[in-house]
Structures are given as C-alpha cells and as structure tokens.
Amino acid sequence: MAGLSVDTLRWYEKEGLLPRVGRDGYNRRSYSPQEQSMVLLLTALRDTGMLTAEMKSFVTMLGEGAASHTRRVALLEEHHRRLNQRRAAIDAADQALQHKIAHYRGLIDDGLDCDGAPVTATTRSQQVPR
C-alpha cells in the first residue's frame, strides 16, 4: 500500500516509529486503518527528508494528544521551512542545468566549439543527434 519493503516496515517498528502491529490468524502482521495511516504519514515525512529523530519526536507527541498540538505545528513548520530551502536550492541547480543545456544546443546549432571556433566536419559527424 505504501510501497515500502517488509524490511523498511520492520525498521520503522524497531525505531519506535510504529507500535507493535497485531497479527492475523496466519501470524502475519495486520495493520489497522490507523496504523496504515501512520505508515503513509511516516512515508511522506521521510520522502520530504525529515530526520528519524524528528519523526520520533512527532510520533511521541502524537501520543500526548491535544497537549502537543502547538509543538507538532512548530516541528512541522520548521521542517517545512527547511524543505522550502532545499526546493529553492534544487530549483537554482535546475536552472543552471537548463542554461548549460541551452548553451550547448546553441553551440551545436551554430556549428561552434566552446571557444567560438567553427566545428570541423569530423567533429560534427561524431556528435550524437538529439
């Protein structure tokens, strides 16, 4: 359901991120809807790069009920801020890549080398078509 391996689910349990999950009649783990929801939440948090220690803090706060709402919001907002910083860095790197691709395509289209000199017929024949 979450696309996680059995080993990853066991790791979540071992790290205390998931409670011990009940078993069915065949002794296989049987996740309740609430446990399934927690797995999906943990997967989403992990996908955003949240540290395991922060995930543990968040799970601990969940057990505290409404008394921890403000602290949960603070943890999530701080993580969101860091995620936005990462996104901005990735966007900047993406723009640099796009600029370089456009630069090289322009050189190819114009038949020029990096120094502005014309490309020889031999070099042009070695270029892979796009």
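In which helix is His79 found? His79 is found in helix H4, where helices (H or I, at least four residues) are DSSP runs numbered from the N terminus.

The model you are looking at is predicted: local features need pLDDT of at least 70, side-chain atom pairs count only at pLDDT 80 or more, and totals for chains, interfaces and linings use all residues. Residues are numbered from 1 along each chain as its sequence is written, and side-chain values use heavy atoms, with hydrogens and water left out.

Let us start with accessibility. Buried means under 20% relative accessible area, exposed over 50%, and partly exposed in between (1.4 Å probe, protein chains only).

| Residue | Relative accessible area | Class |
|---|---|---|
| His79 | 7% | buried |
| Tyr104 | 39% | partly exposed |
| Asn27 | 52% | exposed |

Leaving aside neighbours within four places in sequence, His79 is in contact (heavy atoms within 4.5 Å) with Leu45, Thr48, Gly49, Met50 and Glu54.

Tyr104 is found in helix H4, which covers residues 69–110.

Asn27 sits in the loop between helix H1 (6–14) and H2. Most residues other than glycine have a negative phi. Asn27 is not a glycine, yet its phi is positive, about 65 degrees.

Helix H2 (residues 33–47) and helix H3 (residues 52–62) have axes that come within 10 Å and cross at roughly 145 degrees. Here, axes are lines fitted to C-alpha atoms, for helices over the stretch in contact, and angles run from 0 to 180 degrees between N-to-C directions. From H2, the residues Met38, Leu41, Leu42, Leu45 and Arg46 meet Thr52, Met55, Phe58, Val59 and Leu62 of H3. By class, this contact has 8 nonpolar, 1 polar and 1 charged residues. Nonpolar covers Ala, Val, Leu, Ile, Met, Phe, Trp, Tyr, Cys and Pro; charged covers Asp, Glu, Lys and Arg; the others, Gly among them, are polar.

**The largest pocket**

The largest pocket has a volume of about 160 Å³. A pocket is an open set of points on a 1 Å grid where a 1.4 Å probe fits, with protein on both sides within 12 Å along at least five of seven lines. Its volume is the space filled by probe spheres set on the points. The residues lining the largest pocket (an atom within 4 Å of a point) are Met1, Ala2, Gly3, Leu4, Leu9, Tyr31, Gln36 and Val39. This lining has 6 nonpolar, 2 polar and no charged residues.

Note on methods. Helix = DSSP H or I, 4+ residues; strand = E, 2+ residues; numbered from the N terminus.
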